[in-house]
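Colleague: I would like to learn how to read the packing of a fold. Can you take me through it?

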Amino acid sequence: MSVVRGSPVKHLALALVVGLWLGASLPARAAGTFFTTPQVLKEFFPKSQRVTYRKVKLGPAELAAVQGRLGYRPARPEYVIFVATTGEHVDGYAIIDEELGQHEQITFAVKLSPEGVVERHEVMVYRESYGEEITDSRFRRQFQGKTAKDPVRAGVDIDVVTGATISSRSMAMGVRRALVLLDELILKPDQDAPKG
């Protein structure tokens, strides 16, 4: 696995990294822009001393493991995982990603605890003309407490929002992917690393 460790960066630099990684800046035609990258990271980690990132490439072994757990091949060959720290302590992780709604991409962020538990989920940009109900806190709160061991599937352990069925399913898939990516690419390798 190839991991490039980022040094402490300012929020503006983080926005550039994620904007380039996602392939474009936030479009003006968005039905709703709720957070930029710096804003969501500040909301997620208000007390952390630093927010850095790891750019993680999926090698053949990682790709097979992630694909096996998700049941589909991830769309990207690499992901950016933000790491919030205070001193040497990891305060948590964040993954910003996109998932296709009915017609347009939905940009979202998932805050995860150091142990890989969902603490918060935010829709950053919703581009569809309807179905914006998935941005409501009632829907988003369903993801709190979920781990990589949970199904995180619409209609199973995530209630679908009427009028936003496809977007509800998309968010469940996206949050599940974030959980699996963190578990396979960061948490498992850290647990397997020799101590001492």
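Modeller: We go from the overall layout to the nonpolar cores. Keep in mind that this is a predicted model.

Colleague: Start with the layout. How many helices and strands does the protein chain have?

Modeller: Count the elements, then read their order. Here there are five helices and seven strands. Along the sequence they run β-α-β-α-β-α-β-β-β-β-α-α.

Colleague: What share of the residues is buried?

Modeller: Buried means under 20% relative accessible area. By that cut-off, 48% of the 196 residues in the protein chain are buried. The accessible surface comes to about 9,900 Å², and carbon and sulfur atoms hold 51% of that.

Colleague: Which contacts should I look at for sequence separation?

Modeller: Take contacts between residues at least 6 apart in sequence. Of these, 64% join residues at least 24 apart.

Colleague: Now the largest nonpolar core. Which residues touch the most other members?

Modeller: This core has 36 residues. Tyr-93, Leu-112, Ile-134, Phe-143, Met-171, Leu-182 and Ile-186 touch the most other members.

Colleague: Which elements give two or more residues to this core?

Modeller: They are α3 (60-70), β4 (78-86), β5 (89-100), β6 (105-112), β7 (118-126) and α5 (165-192). The most come from α5, with eleven residues.

Colleague: Zoom in on one residue. What does Leu-182 touch?

Modeller: Leave out residues up to four places away in sequence. Leu-182 then touches Ile-81, Tyr-93, Ile-95, Leu-112, Ser-113, Gly-116 and Leu-187.

Colleague: Which residues does the second core include?

Modeller: That core is separate and has 15 residues. Among them are Phe-82, Ala-94, Ile-96 and Met-124.

Terms used
Residues are numbered from 1 along each chain as its sequence is written. This is a predicted model: local features need pLDDT of at least 70, side-chain atom pairs count only at pLDDT 80 or more; totals for chains, interfaces and linings use all residues. Side-chain values use heavy atoms; hydrogens and water are left out. A nonpolar core is a set of buried Ala, Val, Leu, Ile, Met, Phe, Trp, Tyr and Cys residues joined through side-chain atoms within 4.5 Å. Buried means under 20% relative accessible area, exposed over 50%, partly exposed in between (1.4 Å probe, protein chains only). Helices (H or I, at least four residues) and strands (E, at least two) are DSSP runs, numbered from the N terminus. Contact means heavy atoms within 4.5 Å. Accessible areas come from the Shrake-Rupley method with a 1.4 Å probe; for residues, only the protein chains shown count as cover.
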